[in-house]
Protein chains: 4
Amino acid sequence: MRKKARKEKVVRFGISITESLLSRYDELISAKGYTQRSEAIRDLIRNFIVEQEWASGDEETIGVLSIVYDHEVGDVGDLLIDIQHENYESIVSSLHVHLDERNCLEVLVIKDKASKVKLISDELMSRKGVKHGGLVKTTIGKGI
Amino acid sequence: MRKKARKEKVVRFGISITESLLSRYDELISAKGYTQRSEAIRDLIRNFIVEQEWASGDEETIGVLSIVYDHEVGDVGDLLIDIQHENYESIVSSLHVHLDERNCLEVLVIKDKASKVKLISDELMSRKGVKHGGLVKTTIGKGI
Amino acid sequence: MRKKARKEKVVRFGISITESLLSRYDELISAKGYTQRSEAIRDLIRNFIVEQEWASGDEETIGVLSIVYDHEVGDVGDLLIDIQHENYESIVSSLHVHLDERNCLEVLVIKDKASKVKLISDELMSRKGVKHGGLVKTTIGKGI
Amino acid sequence: MRKKARKEKVVRFGISITESLLSRYDELISAKGYTQRSEAIRDLIRNFIVEQEWASGDEETIGVLSIVYDHEVGDVGDLLIDIQHENYESIVSSLHVHLDERNCLEVLVIKDKASKVKLISDELMSRKGVKHGGLVKTTIGKGI
């Protein structure tokens, strides 16, 4: 029998707001694709929480690092693999796209404390041959 | 007799949220100095609206540009004043601080469409002698 | 015979800078993992170019979207797949990680004009059940 | 006799870069108003240094906080002045603009460690009546 995921307790609270502020908000979130105001506000709340988690640096998080590199520069490909293996306990999974003859995109899902995720990302992004990199600071999803 | 500012109509709506998400939020906003959850959420909403206003570029906004410059580099001081005068219709006010023998801080309040504010800011920040600059993208405050 | 990638022409130019500024810079980039100052500066230049590409919105780019969602909320999983199929020409590849019983991480590599990548990302992030999302704005790597 | 500011020692170094990358860069900085490539690169370097200063939180910096508030909400005006006086040693100067009948813009120049500047800013931005706020994280200008 499939284990049923624990149902979380839902509470409800009210917000007072000027009509003009609310109507501008409704208009903007609908342009973003939202069909429910509550969901848009919950997303603002969750974004705020995830930002604070990353600022504190101590909680377990998920970082998704994307790097674009030229695989013909020195031995950058081998180097990137070495750094990943040194951090195999933090790197959950990766995805690779061959962009053209020379350029590669590598996406790494890193699960660790925020400070460690940043360290691994800095190390990978600073290698010669890596042209560009960016880190999405997201969450393991628990309790938010 | 002092003219009474128009009272804006206030409405109220409810949000459902899991208890765990709400309690984490309450904790974090209290660390930021908030005493009321409603006010913290209204601030999230207003931040979102102001961001969108700046992304669209067409509405009248307030930008506050801060630049740090070395007044001994060429004639940077005169240049900055010239650029400001060319844009006197957009620049509401300015504040100057002498940081040390060489370095100055100049803060400019710019009121115009977002795209124009960025243009003036870029022009000032790219001058030789200007070491650092930053723009706060804020709002005229109407309707939010 | 393997086709040899075209060798790009390399040029060299000089920069004058105060000794104090340069020594602070060298210290900071070495803490980030850089072993060559040139590479750190090329990375600053490339970051600047990619930012401008995204600001203009018209060039072909790569966006890597990461979303964390609760697969037990409504039919969010099906919805996300539908939206991806509607945009199959832009979505190059995806990676999925089961974070826990309820939470999923999905990473999508999107190749299109910046404006289109943002549109697809907004549509996915605004769905009910999607708790958090973030977009890395990167590059196809050509010419940079 | 006016004291002559100390002349800083200037050094020169070279950068190798592909021609295509350099020509795209030159084009973009010229659109931003730069007339010299060196100055644009020095600005990138200085921006990077100031960001790192703020991330470390321990060095003396300048923060310029801009807040927009509705002076008819409670006693927000008095509160803001109280908080400023409690921090008079950090707040160098301020500028005020009456935006309309209700809305005010207040700009504060704050000189302290980055962590303290953020604390003061959070305290002011979280007050009821303060609609929007933003902080420019800049520098005292020494050595950069």
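Modeller: A definition first. A crossing is left-handed if the near helix is turned anticlockwise from the far one by less than a right angle, and right-handed if clockwise. Keep in mind that this is a predicted model.

Now the crossing itself. H2(A) passes H1(B) in a left-handed crossing. On the chain A side, the contact is made by Ile45(A), Arg46(A), Phe48(A), Ile49(A), Gln52(A) and Glu53(A). On the chain B side, H1(B) supplies Leu21(B), Arg24(B), Tyr25(B), Leu28(B) and Ile29(B). The axes of H2(A) and H1(B), residues 19–31 of chain B, are 10 Å apart, and the packing angle is about 60 degrees. That angle makes H2(A) oblique to H1(B). The cut-off matters here: roughly perpendicular covers 65 to 115 degrees, and roughly parallel needs under 35.

Next, chains C and D. Helix H1 of chain C, residues 19–31, packs on helix H2 of chain D, residues 37–56. Their angle is about 60 degrees, with 10 Å between the axes. H1(C) and H2(D) are therefore oblique to each other. Their crossing is left-handed. From H1(C) come Leu21(C), Arg24(C), Tyr25(C), Leu28(C) and Ile29(C). They meet Ile45(D), Arg46(D), Phe48(D), Ile49(D), Gln52(D) and Glu53(D) in H2(D).

Stay on H2 of chain D. Glu39(D) is placed in this helix. Glu39(D) counts as buried, because its relative accessibility is 3%, and the limit for buried is under 20%. Leaving out residues up to four places away in sequence, Glu39(D) touches Tyr34(D) and Arg46(D) in chain D. With the sequence neighbours still left out, Glu39(D) also touches chain B, at Ser126(B), Arg127(B), Lys128(B), Gly129(B) and Val130(B).

H2 of chain D also packs against the buried residues of H4(B). Helix H4 of chain B runs over residues 114–125. It has 12 residues and reaches 16 Å from first C-alpha to last, close to the 16 Å expected. Its buried residues are Ala114(B), Val117(B), Ile120(B), Ser121(B), Leu124(B) and Met125(B). Down the axis of H4(B), these fall within an arc of 130 degrees, so they line one face of the helix. Within chain B, they pack against helices H2 and H3 and strands S2, S4 and S5.

Chain C has its own H4, also at residues 114–125. It spans 16 Å over 12 residues, close to the expected 16 Å. Buried in H4(C) are Ala114(C), Val117(C), Ile120(C), Ser121(C), Leu124(C) and Met125(C). Seen down the axis, the buried residues of H4(C) fall within an arc of 130 degrees, so they line one face. What covers them includes helix H2 of chain A. From chain C, the cover includes helices H2 and H3 and strands S2, S4 and S5.

One more point on chains C and D. Thr18(D) is in strand S1 of chain D, residues 10–18. It counts as buried, because its relative accessibility is 18%. Not counting residues up to four places away in sequence, Thr18(D) touches Glu8(C), Lys9(C), Val10(C) and Val11(C). From Thr18(D) to Leu135(D) is 117 residues in sequence and 37 Å in space, C-alpha to C-alpha.

Last, the pairs without contact. Chain B and chain C do not touch, and their nearest C-alpha atoms are 10 Å apart. No contact joins chain A and chain D, whose closest C-alpha atoms lie 10 Å apart.

Key. Residues are numbered from 1 along each chain as its sequence is written. Chains are lettered from A and ligands numbered from 1 in the order in which they are written. This is a predicted model: local features need pLDDT of at least 70, side-chain atom pairs count only at pLDDT 80 or more; totals for chains, interfaces and linings use all residues. Side-chain values use heavy atoms; hydrogens and water are left out. Helices (H or I, at least four residues) and strands (E, at least two) are DSSP runs, numbered from the N terminus. The expected span of a helix is 1.5 Å times one less than its number of residues. Buried means under 20% relative accessible area, exposed over 50%, partly exposed in between (1.4 Å probe, protein chains only). The arc is that of the directions from the helix axis to the C-beta atoms. Contact means heavy atoms within 4.5 Å. Axes are lines fitted to C-alpha atoms, for helices over the stretch in contact, and angles run from 0 to 180 degrees between N-to-C directions. Angles under 35 degrees count as roughly parallel, over 145 as roughly antiparallel, 65 to 115 as roughly perpendicular and the rest as oblique.
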